[in-house]
Amino acid sequence: MADRDETPDERFDRNWNELLQELRVAQTGVQFLFAFLLTLPFSARFDTVTAAQRATYIVTLLLTALASVCLIAPVSHHRILFRRGRKRQLVAASSNLAGIGLWFLWMSIVGAVFLVFQVVVGTSWAIAAGAAFVVAFVSVWYVYPTSRR
């Protein structure tokens with residue numbers, strides 16, 4: 001990989017802008033999922049879910065909320081640290097939060113798929129679908145890119 005002809009400040013600006021682009025994609029996904037989950041208890045059919053399905057819902061909702069916290073936090077950090085010469089720390093902290101937020105995001109997607117399968121076709125299918133998505137996320141989001149380093 002060729003070195004770029006940029007100062008450290010230019011590199012941190014570029015890294016920050018690249019991170020923001022990544023966060024925009026992830027934030028959209030988590031916001032749609034969170035909105036969907038927040039409406040479920042107000043639907044007529046929610047009263048018919050079992051205790052296990054309610055537990056799945058609560059865990060999935062909490063995972064989605066944690067994903068939201070982590071994926072939106074860099075905006076708050078930027079507001080607080082803006083023009084204070086802390087871009088390096090901002091990029092490092094935001095990158096860590098993005099990684100943690102993505103972990104919570106894929107876990108919440110697995111939880112949502114599990115919940116839908118659990119309600120629609122039963123627990124056995126939910127376990128199979130959930131396991132398949134865990135394998136898919138770990139493979140595509142972590143194993144594949146790590147193998148390409």
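Author: The largest pocket holds about 270 Å³ of space. Here a pocket is an open set of points, on a 1 Å grid over the protein atoms alone, with protein on both sides within 12 Å along at least five of seven lines; the volume is the space filled by probe spheres set on the points, which are joined across faces, edges and corners. The model is a predicted one, in which local features need pLDDT of at least 70 and side-chain atom pairs count only at pLDDT 80 or more, while totals for chains, interfaces and linings use all residues. Residues are numbered from 1 along each chain as its sequence is written, and side-chain values use heavy atoms, with hydrogens and water left out.

The lining of this pocket consists of 15 residues, and those nearest its centre are Glu18, Leu19, Glu22, Ser95 and Ala98. A lining residue has an atom within 4 Å of a point. Helices α1 and α3 each supply at least two residues of the lining, and the largest share, 7 residues, comes from α1. Helices are DSSP runs (H or I, at least four residues), numbered from the N terminus.

Helix α1 deserves attention next. Its 32 residues should span 46 Å at 1.5 Å a residue, and its end C-alpha atoms are 46 Å apart, which agrees; the expected span is 1.5 Å times one less than the number of residues. The buried residues of α1 are Phe12, Trp16, Leu19, Leu23, Ala26, Gln27, Val30, Leu33 and Leu37. Buried means under 20% relative accessible area, exposed over 50%, and partly exposed in between, with a 1.4 Å probe and protein chains only. What covers these buried residues includes α2 and α3.

The largest nonpolar core has 16 residues, and Leu71 and Leu105 touch the most other members. Such a core is a set of buried Ala, Val, Leu, Ile, Met, Phe, Trp, Tyr and Cys residues joined through side-chain atoms within 4.5 Å. Helices α1 (8-39), α2 and α3 (87-120) each supply at least two residues of this core, and α3 gives the most, with 6 residues. Leaving aside neighbours within four places in sequence, Leu71 is in contact (heavy atoms within 4.5 Å) with Leu23, Ala26, Gln27, Val30, Ala98, Gly101, Leu102 and Leu105. Apart from this core lies another, of 9 residues, among them Leu40, Val49, Leu61 and Ala112.

Thr64 lies in helix α2, which covers residues 51-81. At 0% relative accessibility, Thr64 counts as buried. Beyond its neighbours within four places in sequence, Thr64 is in contact with Val30, Leu33, Phe34, Leu37 and Ser108.

Trp103 and Trp106 both lie in α3, 3 residues apart, about one turn of the helix. Trp103 is partly exposed, with a relative accessible area of 40%, whereas Trp106 is buried, with a relative accessible area of 5%. Ring pairs link Trp103, Phe104, Trp106, Phe133, Phe137 and Trp141 into a cluster. Rings of Phe, Tyr and Trp (its six-membered ring) pair if their centres lie within 6.5 Å, and their planes count as stacked under 30 degrees apart, edge-to-face over 60 and tilted otherwise.

Note on methods:
1 Å grid on protein atoms, 1.4 Å probe; cavity = no way out; pocket = protein on both sides within 12 Å on 5 of 7 lines; lining within 4 Å.
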